[in-house]
Amino acid sequence: MLWLGMAAAITANQRRLVFNPNIKREVLRPRSSGHRTRPIVLRAKDGTKLSGWLMTPSVVGPHPGVVYFGGRSEEVSWVARDAGKLFPGMAVLAVNYRGYGDSQGDPAEQHMVDDGRMLFDWLAERGHVDPKRIAVVGRSLGSGVAVQVAMERPANSVVLITPYDSILAIAKRRFRAMPIEYVLRHRFESVKYASALTAPTYVLRAAFDDVVPHSHTDLLVAKLGRLQKDETVPDSDHMNIPYLAATQDRIAEFLSTQFMQPLA
């Protein structure tokens, strides 16, 4: 009975276990020092309003582009603040998931992936963006969104920050005695899609990560179709890694190098 009760509780509360929506802005007035920054509201295919920011370089385009997908508890206004260093010379789209920030709705894996494809397509249609030079960047939970979007869209390159093989695998590790595979709907099984990625992929790990153990990253890396780099950022942990200068410099250099490569 106890086992059944625990299984029922996990089933009922799994959205809360997987997602932790943060509605409070991390940066009150986000503005990139290297871009024109404007708030945007886009509608998902089902009409749900999604809120975020579009950052565009001040010089005339077309520019390479980046679509950013945040972590489990992440509100993405900080990306607008740091875009000048993270994504120099690039058009950047950072939109909060459903239920995060000012975005409407409730988070779910399928919604995140569907919305992610829509965001990629929307950015590719901007006249100041080169549609053949768009990268996807995903942090933690968002790495699972980035992998699925990159599998179905012509991403120029992929950056995965503290990625995992699957949320299902991490949940099974945490709830060893429970039949997680029978109750978890939001699985984010990146390892199933990794071999289909054809874009150069850069993996960044935290030196100290108690959320995504390196063994789960190892399993993903082993399956990636086109791994370009796999690096650990010194003195980083799961929470601070995207804000560190060492991380931001690495991402800026990788993307700038990839965008300068001749197109096939």
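## A buried aspartate without a salt bridge

Asp209 is buried but has no salt bridge; buried here means under 20% relative accessible area, with exposed over 50% and partly exposed in between (1.4 Å probe, protein chains only). A salt bridge is a side-chain nitrogen of Lys or Arg within 4 Å of a carboxyl oxygen of Asp or Glu. The nearest side chain of opposite charge, Arg205, is 8.8 Å away (Lys and Arg count as positive, Asp and Glu as negative; His and the chain ends are not counted). This is a predicted model, in which local features need pLDDT of at least 70 and side-chain atom pairs count only at pLDDT 80 or more, while totals for chains, interfaces and linings use all residues. Residues are numbered from 1 along each chain as its sequence is written, and side-chain values use heavy atoms, leaving out hydrogens and water.

What does the side chain of Asp209 make a polar contact with? The partner is the side chain of His238, at 3.0 Å; a polar contact is a pair of N or O atoms within 3.5 Å, and within protein one must be able to donate a hydrogen and the other to accept it, with residues adjacent in sequence counting only if both atoms are side-chain atoms. A polar atom of the Asp209 side chain also lies 2.8 Å from the backbone nitrogen of Val212.

## Nonpolar cores

The largest nonpolar core has 47 residues, and Phe69, Val136 and Phe188 are among those with the most contacts inside it. Such a core is a set of buried Ala, Val, Leu, Ile, Met, Phe, Trp, Tyr and Cys residues joined through side-chain atoms within 4.5 Å. Apart from it lies another core, of 28 residues, including Val92 and Leu255.

## Salt bridges

By the rule above, the count comes to 15 salt bridges. Lys192 pairs with Glu189, the closest N and O atoms being 3.4 Å apart. Lys192 counts as exposed because its relative accessibility is 57%, whereas Glu189 is buried, at 15%.

Arg250 and Glu231 also meet through their side chains, at 3.3 Å from N to O. Arg250 sits in helix H9 (residues 245-260) and Glu231 in strand S8 (residues 227-237), so the pair ties together parts that are 19 residues apart in sequence. Helices (H or I, at least four residues) and strands (E, at least two) are DSSP runs, numbered from the N terminus. Salt bridges that share partners join Asp46, Arg98 and Asp115 into one network.

## The whole chain

The chain holds nine helices and eight strands, and buried residues make up 55% of its 264 residues.
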